[in-house]
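Subject: The structure we talked about, with notes

Dear colleague,

I am handing over the structure below, and after it you will find an account of what was found in it. Please keep the structure open beside the text as you read.

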Amino acid sequence: MPTVEIDPDELRELTGHDDKDDDELREDLFALGLEYEGATDDGEFELEFAPDRLDRLSVEGIARSLRYQYGDDRGVYIPNTNDAEWSIEVDADVPAERPYVTGAVVRGLDLDESALESLIQLQEKLHATMGRQRAKGAIGVHDLTMLKGQVGASGGEDTPEEKSDPRTETAPEGDKSVRYTGIGRNDDRFVPLEAESDMSPEEVLAAHPTGQTYADLVEAYERMPAIYDDVGLFSFPPVINGRRTEVTTDSRDLFIEMTGTDQWTIDHMLSIVCYALDARGGRVEEVEVAYADDAPGEHAGRTLTRPDFSTKTKTVAHADVESMLGVDLDGEEVIDLLERAGLDADTGGSDAGERGDGPGGASVDGLAYEVQIPPYRVDVLHPVDVIDDVGRAFGFNELEPRYPDVSTVGGRHERSRLERATRETLAGLGYEDLLNFHLISEAANYDRPNVERGSDVLGGGEAPVIQEPYSEDYEVVRTWALPSVLLVLENNTHRAYPQDLAEVGFAAERDDSLPTKVAERQTVAAVLARHDAAYDDAKARLQALCRAFDADLETPPTSHPTFVDGRTAEVVIDGESVGVIGEVHPKVLVEYDLEVPVAAFEFDLDALQ
């Protein structure tokens with residue numbers, strides 16, 4: 001889970017509650033869903049949080065949530081914005097792979113060392129989550145006083161050479177602007193951060209440590225993304241900024257630009273950053289983003305005003321609030337709790353269920369609320385998310401458990417019985433039981449275990465894709481469980497061997513013949529990692545497992561790219577091919593930094609019924 005480091009003294013200052021000691025702060029943070037993981041050498045809190053609340057990636061965002069929890073703030077807060085003095089001109093040379101840009105100006109900041117560190121941490125955490133390691137969105141923060149806006153003041157027309165050179169193009173007279181464009185890999189030079197001499201984009205990618213880290217993001221680009229002011233190139237997104245505009249504790253006015261592959265993502269990343277700087281006393285100023293008529297992307301010919309602090313609305317039925325939380329509340333109490341959660345609400349008086357907004361689409365007559373969601377809340381996708389906020393404002397510790405008002409007695413489902421029996425049998429065979437996430441990255445599901453996507457081998461099916469993942473680590477639903485178990489081995493290389501691990505878990509593949517378009521299954525994956533692990537060891541364990549369920553096992557030879565040829569077999573249970581068993585290929589072992597042999601198997605759980 002993501003972690004963030006915050007100074008408790010700074011948190012007390014930003015909340016205005018200097019009376020809170022560390023123990024009280026930890027309790028209040030836990031009520032928000034932020035778990036204390038320990039203290040750093042500098043005495044900062046290291047907090048683990050759910051990756052949905054990205055507005056809490058900074059001490060400023062956490063302080064804002066605490067002020068709502070304490071009742072010091074109420075309702076939706078929208079920062080005041082000054083009219084735009086600056087614009088970002090987007091021309092036709094911008095790489096089509098990265099066509100979107102957004103920006104803002106923030107003035108009047110007093111950045112001490114801790115405030116600057118918080119801004120840098122927020123930038124990097126947003127890169128790792130919403131920005132998907134800068135691939136989907138990248139943030140550039142610059143000292144505004146070091147920028148010289150491109151102002152058209154010559155009065156004459158540009159020469160053809162000037163029109164084609166992004167270093168000489170000018171904005172309309174009277175406008176301060178920077179220009180987002182594309183250039184050749186060696187067309188221009190600038191001094192990047194942490195460098196002493198000027199470099200071309202190609203040299204940055206080849207020789208600069210940051211450039212080497214993010215070179216793969218622009219590897220396939222014909223032209224490199226570049227942002228110019230009247231002095232010259234000052235930003236090479238998504239890789240690195242120029243040293244000329246570096247932000248320091250002496251910086252008072254900032255220019256923020258973000259480029260990416262999705263406008264929604266970078267706009268919401270910008271909102272989170274602007275709210276954090278507003279909490280530091282900064283004054284947010286709008287920026288006009290002007291797309292040329294022939295610019296790539298859907299905004300060609302349009303001018304956007306950013307940041308976008310517009311709110312969105314969710315309709316929530318009162319009956320759903322009471323049903324999910326298990327408490328009786330009147331309308332005024334619900335509105336009070338919503339305002340204490342940082343939301344605004346009015347009674348819509350309509351049936352939320354009839355409009356399909358109620359959980360499960362149930363039709364519930366009665367009161368409903370029109371809830372306003374602030375722009376930094378990227379996590380609110382469904383009315384259930386709003387009800388969760390109501391519950392936190394009410395206090396989950398204040399909820400009293402009660403028996404459901406039903407006359408039947410629950411029992412374990414037959415599938416659950418099978419899963420439990422399989423886990424217990426595997427534990428008896430010496431395996432340690434695992435519980436991994438069902439979501440995984442595409443690379444971890446296919447590339448790292450050496451499986452081609454769309455192939456007919458186990459794990460090669462089309463994975464269901466998550467449209468808006470919070471992290472590149474959770475892009476798809478896994479098609480098999482063995483990659484997840486191998487990841488555990490990779491993370492445990494510092495521990496002693498043998499490591500015998502097994503998981504009974506969920507996997508899925510795309511199947512257009514089904515109403516849901518997804519075929520779901522429970523799968524059994526197990527590995528033996530030790531100095532003498534071999535095919536025979538894995539087969540002996542698998543035979544014992546099948547024998548416990550009175551199932552017949554056959555293992556005819558086969559091939560699979562994850563395993564060694566000649567040491568791989570099908571898993572055939574009661575005459576049906578349901579999986580694969582073998583010794584993991586050395587190429588795959590190297591991929592996971594494993595220095596001991598690994599023998600593994602995976603098969604469908606239903607085969608043991």
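Let me begin with a helix: on one side of H2, Glu27 and Phe30 are exposed, where exposed means over 50% relative accessible area, buried means under 20%, and partly exposed lies in between (1.4 Å probe, protein chains only). Please note that this is a predicted model, in which local features need pLDDT of at least 70 and side-chain atom pairs count only at pLDDT 80 or more, while totals for chains, interfaces and linings use all residues. Residues are numbered from 1 along each chain as its sequence is written, and side-chain values use heavy atoms, with hydrogens and water left out. Helices (H or I, at least four residues) and strands (E, at least two) are DSSP runs, numbered from the N terminus.

The buried residues of H2, which spans residues 22–31, are Leu25, Asp28 and Leu29. Seen down the axis of H2, these buried residues fall within an arc of 100°, so they line one face of the helix; the arc is that of the directions from the helix axis to the C-beta atoms. Helix H1 (8–15), strand E3 (45–48) and helix H3 (59–70) are among the elements that cover the buried residues of H2, as judged by contact, meaning heavy atoms within 4.5 Å. After H2 comes Gly33, whose phi is positive, near 95°.

Next comes strand E11 (residues 254–260), where seven of the seven residues are buried, so the strand is largely enclosed by the rest of the structure. Leu254, Ile256, Met258 and Gly260 point one way from E11, whereas Phe255, Glu257 and Thr259 point the other way. In a regular strand the side chains alternate between the two faces of the sheet. E11 pairs with strand E5 (residues 100–107) in the antiparallel sense over seven bridges, two strands being paired if DSSP finds at least two bridges between them. In that pairing, Gly103 stands opposite Glu257. Strand E6 (residues 137–143) also runs antiparallel to E11 and is joined to it by seven bridges, with Thr259 as the bridge partner of Ala138.

Further along, seven strands form an open sheet of mixed pairing, in the order E17-E20-E21-E25-E24-E23-E22. Strand E17 (432–434) and strand E22 (553–554) stand at the edges, each with a single partner strand, so one side of each is left without a neighbour in the sheet. E22 is joined to strand E23 (residues 563–573) by two bridges, and the two run antiparallel; here Leu553 stands opposite Ile573, and Glu554 has Val572 as its bridge partner. E23 is in turn joined by seven bridges to strand E24 (residues 576–584), again antiparallel, and Glu570 stands opposite Val580. The hairpin of E23 and E24 has two residues between the strands, and in it Asp574 takes a positive phi near 50°.

Finally, there are eight aromatic pairs, counted where rings of Phe, Tyr and Trp (its six-membered ring) have centres within 6.5 Å, with planes under 30 degrees apart called stacked, over 60 edge-to-face and the rest tilted. The rings of Tyr431 and Phe601 have their centres 6.3 Å apart and their planes at 85°, so this pair is edge-to-face. Tyr431 lies in the loop between H12 and E17 and Phe601 in strand E25 (residues 598–604), so the pair ties together parts that are 170 residues apart in sequence. Both Tyr431 and Phe601 are buried.

With best wishes
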